[in-house]
Amino acid sequence: MDIMKQNFLLASKAYSESIPLRLLIKNSIPIIGEYIDALTVEPWSKYKSQRIDIFISCVEEEFKLIEKQYINKKYINSIEFLELFSELLDRSKSSKDDEFIKIYARVLKSNLDTRVDLTFEPEDYIEIIRHLTIRDIRIIKIIRNIRTKINETKIQDPSTYDFINVKHFEKENIHFKPNEIKFSLAKLTRLGLLDSYTANSFGMTNASDYRENDVFNEFCSYLLTFDIE
């Protein structure tokens, strides 16, 4: 794994080296141009190196979960795999939170495990992840908890209202404000993870009730871990 990491570090250097861009930054931006150049010229700098270390560690841990007979050998030797790995490595380097790096590692694993049947292309999920914040991830996990509680209640009372709205979050131990929750719910709907509904038949009202769909369930099942509060 050490040799592999060294190769990835060298690859990351090649990705970010661009002499014309360096000259443009240094000559066009007064005072801070040199500072920006120092940050961008060394992709193996401490921060990015740490992110790469975390990504490689996550990939290693995820791959341990795949038995050899379930590894898609044809895919792992394809240009598509190399392109996907490069994309995930690049996004991990600029990730602000380890949780997203873990998700990127799972995207890679899910596309190598022959037992996993993803409905969408990895690029589709990468596009979804690109728009998420750590608050959105936390909201997704809370939705899963809320759904579990609703399903348990429905066993005793089949008439239980099974749509999710902002009020459900009031019973959860979270620090998000109602507007933050509404914003995340609207974003998740826009990204195709939730379906939105309104009980008002007259129209011209904002959707206030939500339900998870197949994209949400697949995203959670294959790409999220649930051990982070």
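This is a predicted model: local features need pLDDT of at least 70, side-chain atom pairs count only at pLDDT 80 or more; totals for chains, interfaces and linings use all residues.
Visitor: Is Lys187 buried or exposed?

Guide: Lys187 lies in helix 11, which spans residues 178–190. A residue counts as buried under 20% relative accessible area. Lys187 has a value of 7%, so Lys187 is buried.

Visitor: Which backbone oxygen lies 3.2 Å from a polar atom of the Lys187 side chain?

Guide: Leaving aside residues up to four places away in sequence, Lys187 touches His131, Thr133 and Asp136. The backbone oxygen at 3.2 Å from the Lys187 side chain belongs to His131.

Visitor: How does Ala186 count by its relative accessibility: buried, exposed or partly exposed?

Guide: Ala186 also lies in helix 11. Buried means under 20% and exposed means over 50%, with partly exposed in between. The relative accessibility of Ala186 is 37%, and therefore Ala186 is partly exposed.

Visitor: What is the angle at which helix 9 and helix 12 pack?

Guide: Two packed helices are described by the angle and the distance between their axes. Here the axes of helix 9 (residues 134–156) and helix 12 (residues 214–223) are 12 Å apart. Helix 9 is roughly perpendicular to helix 12, and the angle is about 105 degrees.

Visitor: Which residues of helix 9 make the contact with helix 12?

Guide: Helix 12 contributes Phe216, Asn217, Phe219, Cys220 and Ser221. The contact residues divide into five nonpolar, two polar and one charged. From helix 9 come Ile140, Ile143 and Arg144.

Notes: Residues are numbered from 1 along each chain as its sequence is written. Side-chain values use heavy atoms; hydrogens and water are left out. Axes are lines fitted to C-alpha atoms, for helices over the stretch in contact, and angles run from 0 to 180 degrees between N-to-C directions. Helices (H or I, at least four residues) and strands (E, at least two) are DSSP runs, numbered from the N terminus. Angles under 35 degrees count as roughly parallel, over 145 as roughly antiparallel, 65 to 115 as roughly perpendicular and the rest as oblique. Contact means heavy atoms within 4.5 Å. Ala, Val, Leu, Ile, Met, Phe, Trp, Tyr, Cys and Pro count as nonpolar, Asp, Glu, Lys and Arg as charged, and the others, Gly among them, as polar. Buried means under 20% relative accessible area, exposed over 50%, partly exposed in between (1.4 Å probe, protein chains only). A polar contact is a pair of N or O atoms within 3.5 Å; within protein, one must be able to donate a hydrogen and the other to accept it, and residues adjacent in sequence count only if both atoms are side-chain atoms.
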